[in-house]
Amino acid sequence: MVISSSHIYSKNNLDVVNINTSKKINDKRLTQNGQIQIYQSSYRGSYTSIIRDSLRNAALGRRVLLIQFMKGGVKQGVDNPETLCGNLTWVRSSHSFDQYNSEAIKNNKNLKKSIHESTIELWNFCKKELQSGKNDQIILDEIFLALDMKIIDKDDLISTLENRFISGDVILTGTDIPKDLLLMANQITELRS
């Protein structure tokens, strides 16, 4: 039986729909995953608008998680996140490094190992958060650079995104985006200078 919202039923015609309230019904929480949005740019450091929007969303009451994979300098790590606007959790690498000096990273095995370990730590934290369902929006800033540096496995990222549990959007940013991930996206935005 289909009941249209445009129909008006009288109060004395309640037998149209038989509602059994004597049995307890187990409600199951059903959530729909939000969209996967990709922001790509030909140059790094072009995502200030995404960070601005995340602050605005947090100020409006949404729970936002911002993970900056290839940013160092503040020694946060997953154990020392910053909280802004009460609802924005901002996490960077636990290791301090200058991501723009790729030669120094390439030539220093200890630095390279430290960056790898702290990025893996962020990725493992991120995977748990994508499954937790407690965030309304998750931003994975420069995750494609971590893929390009072979720190995060592309198939692991795809699998994690396919099995996520978040009612809001997941935003991924970067420069060199694999075609497999572009095909997963509900929205692709190209930022130009």
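Q: How many bridges join S2 to S5, and do the two run parallel or antiparallel?
A: There are 5 bridges between S2 and S5, and the strands run parallel. Ile67 is the residue standing opposite Leu140 in S5. Strands here are DSSP runs of E, at least two residues long, and helices are runs of H or I with at least four, numbered from the N terminus.

Q: Where does this model come from?
A: This is a predicted model, where local features need pLDDT of at least 70 and side-chain atom pairs count only at pLDDT 80 or more, while totals for chains, interfaces and linings use all residues. Residues are numbered from 1 along each chain as its sequence is written, and side-chain values use heavy atoms, with hydrogens and water left out.

Q: OK, what's the strand order in the open sheet?
A: The sheet has 7 strands in the order S3-S4-S2-S5-S6-S1-S7, and the pairing is mixed. Two strands count as paired if DSSP finds at least two bridges between them. S3 (82-84) and S7 (187-191) are the edge strands, each pairing on one side only. Neighbouring strands are turned by 15° against each other on average, direction ignored.

Q: And which strands does H3 touch when it packs on the sheet?
A: H3 touches S2, S4 (88-92), S5 and S6, and its direction makes about 160° with that of S2. Touching, or contact, means heavy atoms within 4.5 Å. The angle is between N-to-C directions on a scale from 0 to 180 degrees, with axes fitted to C-alpha atoms, for helices over the stretch in contact.

Q: How many residues does H3 have, and how far does it reach?
A: H3 covers residues 109-132, which is 24 residues, and spans 35 Å from first C-alpha to last, close to the 34 Å expected at 1.5 Å a residue. That expected span is 1.5 Å times one less than the number of residues.

Q: Which H3 residues are buried?
A: Leu111, Ile115, Ser118, Thr119, Leu122, Trp123, Cys126, Glu129 and Leu130. Buried is under 20% relative accessible area, exposed is over 50%, and partly exposed is in between (1.4 Å probe, protein chains only).

Q: What does Glu129 pair up with through its side chain?
A: The side chain of Asn135, in a polar contact of 2.8 Å. A polar contact is a pair of N or O atoms within 3.5 Å; within protein, one must be able to donate a hydrogen and the other to accept it, and residues adjacent in sequence count only if both atoms are side-chain atoms. Asn135 is found in the loop between H3 and S5, and Asn135 is buried at 8% relative accessible area. Not counting residues up to four places away in sequence, Asn135 touches Arg63, Val64, Leu65, Glu129 and Ile166.

Q: Switching to S6: why call it largely enclosed?
A: Because 5 of the 6 residues of S6 (169-174) are buried, so the rest of the structure largely encloses it. S1 (36-41) joins S6 through 5 bridges and runs parallel to it, with Ile36 opposite Val170. S5 (137-141) also pairs with S6 in the parallel sense, over 4 bridges, and there Ile139 has Ile171 as its bridge partner.

Q: Is Gln37 buried or exposed?
A: Buried, with a relative accessible area of 8%. Gln37 is in S1, and its side chain makes a polar contact of 2.9 Å with that of Asp169.

Q: How many residues are in the largest nonpolar core?
A: It has 34, and those with the most contacts inside it are Phe69, Leu140, Ile143, Leu172 and Leu181. The largest share, 6 residues, comes from H3. Apart from it lies another core of 9 residues, including Tyr39, Val64, Leu88 and Ile139. A nonpolar core is a set of buried Ala, Val, Leu, Ile, Met, Phe, Trp, Tyr and Cys residues joined through side-chain atoms within 4.5 Å.
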